[in-house]
Amino acid sequence: MVKIAWCLSGQPRQLLEGNETIKEYIKNNNVEVDFFCHGWYNDKDNISKAPWATTREGSTVIRKKDMDNILKLYNPKSYLFEEEIKFSSKQFENSILYNNTKQHQCFKNISNCLSCQSSRQKCINLLIKYENSNNLNYDIIFFSRYDFRINIKLKINEIDVSKIYSTDIHNVNNRILISPALTVGSGEITKNIYKNIFDNINKYKNDDNMNKLINNHCKSKMKLNDEEIFMSNFLYNNYKISDIKFTNKIPNFI
């Protein structure tokens, strides 16, 4: 039997709507899924959001007590909830990565961007620790935001467990760019990409070859932005473009 896990990370907004979508998908595919959760909360202030975020992003009042709702909805195998961390960009200053980011609107969103990567890394390492402790291995891993609430049409029996799948919204005009709002597929690739997605930023921040690869494949620049960080780490871990399958059966996060 194929073993399936679902990782949820970041700010737990739109919990009920996201849960309805996930539970409907599981029901329609008649599968069992283990959940792993990492989440940020802020007991003193509104939680941070991107400068371009709209009301669709949901409530920015997320307290520690709200984390109980995650446990009720998902009953995760392992979880970690933490007070929101404000991340500094100082360690990246004067790097190729930083200088590219300065020229883009995402420069105002660096702390949130780093928060996303840290949460993803912590979440997948909860899963890896659970696998090691229980002598098991997940074949397919879904990795998404809590507020991903659009119906997913990609069926479990359509998934090639040697590939990672993404929406095809960014895959136009020879552009290769994965949206980390939801990825699904190979447990091995997913674990290898996410387990160091935060730590590795410092390793390639001045890598001119990586900058060129992102330019060539993504028609973008290597910068502190969600999609580019994912692709940079994907390539840094020596995966190939042929390891990605783009499909409109995974909707764009809107």
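**View 1. Helices α1 and α2 of this predicted model run roughly parallel to each other.** The angle between the two axes is roughly 15°, and angles under 35 degrees count as roughly parallel. The axes of α1 and α2 (residues 67–74) come within 11 Å. The crossing of α1 past α2 is right-handed. On the α1 side, the contact is made by L15, L16, G18, N19, I22 and K23, which meet N69, I70, L73 and Y74 of α2. By type, the residues of this contact are six nonpolar, three polar and one charged.

**View 2. Q11 sits in the loop that links β1 (4–9) and α1 (15–29).** Q11 counts as buried because its relative accessibility is 14%, and the cut-off for buried is under 20%. When neighbours within four places in sequence are set aside, the residues in contact with Q11 are W40, I47, S48, I62, E84, N112 and Y146.

**View 3. Helix α5 (residues 187–194) is mostly covered.** Six of the eight residues of α5 are buried: G187, I189, T190, K191, I193 and Y194.

**View 4. The N-terminal end of α5 is capped by S186.** A side-chain oxygen of S186 lies 3.3 Å from the backbone nitrogen of E188.

Technical notes: Residues numbered from 1 in each chain as written. Predicted model: local features only at pLDDT ≥ 70, side-chain atom pairs only at ≥ 80, totals over all residues. Heavy atoms only, no water. Buried < 20%, exposed > 50% of the residue type's maximum accessible area, 1.4 Å probe, protein only. Helix = DSSP H or I, 4+ residues; strand = E, 2+ residues; numbered from the N terminus. Polar contact = N/O pair within 3.5 Å; in protein donor to acceptor, adjacent residues only side chain to side chain. Contact = heavy atoms within 4.5 Å. Axes fitted to C-alpha atoms, helices over the stretch in contact; angles between N-to-C directions. Parallel < 35°, antiparallel > 145°, perpendicular 65-115°, else oblique. Left-handed = near helix turned anticlockwise from the far one by under 90°. Nonpolar A, V, L, I, M, F, W, Y, C, P; charged D, E, K, R; others polar.
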